[in-house]
Amino acid sequence: MVFVSSSMYDAVMDLHRPKGMAITRWEDWTRPKKAYHWKPGRSAVELARAWFRCASPSMPGEVRDILQADGIFPDVVVQEAVPELVTPLPERGEGRNHDLWALCEAEEKKFTLCIEAKADEPFGTETVGSYWRSARNRQDKGERTGVPGRISAMLRMVGVDCSDADECAWAEIPYQLLTAVCGTALQAERDGSGVGVMVVHEFQTWETCEEKHQLNGKAFGCFVELLGGGGDGLCGPFVVADVQCYVGKVRSRVERWVD
C-alpha cells in the first residue's frame, strides 16, 4: 500500500467522457445520477481531483508509483482515459462500470488500466455466494435471471469450475471484486492489449471511517490470496481468461477542502 500526498505526473494524452466530450477540469468528470455520489471527501470527487492535481490531467503519482515499482511497467504513458467506462460481462445483463479506464503504454507495450475508487464504501452489498443464492431462489420461483450463468462464467475466467458458487472458495468474496478483475481482463481483450491492471484507489478523508477501510482491506486481501498473490504492491501476473492480469491497491490521504 502506498501513502503519498504528491508526486510527479505526466499529462494524459486524451481524457474524455464515454460519449466523447473532452474533460478539461475535474468538475466535468462525470454527471452523477444522485447528488450524494458527487460530494467532497467521497470517492467520485476525489478520484476526479486526483487526476487534476496539475494544470492538465495526469496520472496520480501513487498510481504511477505502484505501476513502476520493481520495473513492472516502467515509464508509463497514458494514451487515453475515460471515467465510468462500461465493459460487457458474460451473459446478458449489467456490465462492469470502471470508475476509470485508461489505455497505457510502457516500453512500447500497451496495457489496460482499470481503477476502482473507494472512500470507505464497501465492495458492494453482495458476496459471490449470496448473489448466487438470491438468483437461484428467484429462478426457483419461476423468474428469469442470467446471474447464475454469469457468475459461473466469471469463476471459470479465474480458474474455478463449480456447479454451486455458494460452496466454492470465492463464496465470501465481494461480487464487485470478481466483476472488477473479470471486467479488466475482458476490457484488455477489447483493447487488444493482452495485459490488464486493476487498481483500487482508496481515499482517506475527513468523511471516512478507518474501521471501514480495514474491512475493505481484509476483503481485498482475501481476494488477492484467492488469485494466488499476497503482500503489498502490484501482485501478479494472474491468468484471467487468457489475459495476464495484475491487481494492486493504493491509498491517498486527502485534507479537508472547500469547493
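The legends below describe close-up views of a predicted model. Local features need pLDDT of at least 70 and side-chain atom pairs count only at pLDDT 80 or more, while totals for chains, interfaces and linings use all residues. Residues are numbered from 1 along each chain as its sequence is written, and side-chain values use heavy atoms, with hydrogens and water left out.

**View 1. Strand β5 and its pairing partners, β4 and β7.** Strands (E, at least two residues) and helices (H or I, at least four) are DSSP runs numbered from the N terminus, and two strands pair if DSSP finds at least two bridges between them. Strand β5 (residues 195-204) is largely enclosed by the rest of the structure, because nine of its 10 residues are buried, meaning under 20% relative accessible area, where over 50% is exposed and in between is partly exposed (1.4 Å probe, protein chains only). β5 pairs in the parallel sense with β4 (residues 109-118) over seven bridges, L113 having V197 as its bridge partner in β5, and with β7 (residues 243-253), also in the parallel sense, over 10 bridges, where R253 is the partner of Q204.

**View 2. Helix α2 and the residue D70 that follows.** Six of the eight residues of helix α2 (residues 61-68) are buried, among them V63, I66 and L67. D70, which comes after α2, has a positive phi, near 60°.

**View 3. Backbone geometry at E107, P237 and D242.** E107, in the loop between β3 (96-106) and β4, has a positive phi of about 50° although it is not a glycine, and counts as exposed at 58% relative accessibility. The peptide bond from G236 to P237 is cis, with omega near 5°, and P237 lies in strand β6 (residues 235-240). D242, in the loop between β6 and β7, has a positive phi near 70° and is exposed, with a relative accessible area of 75%.
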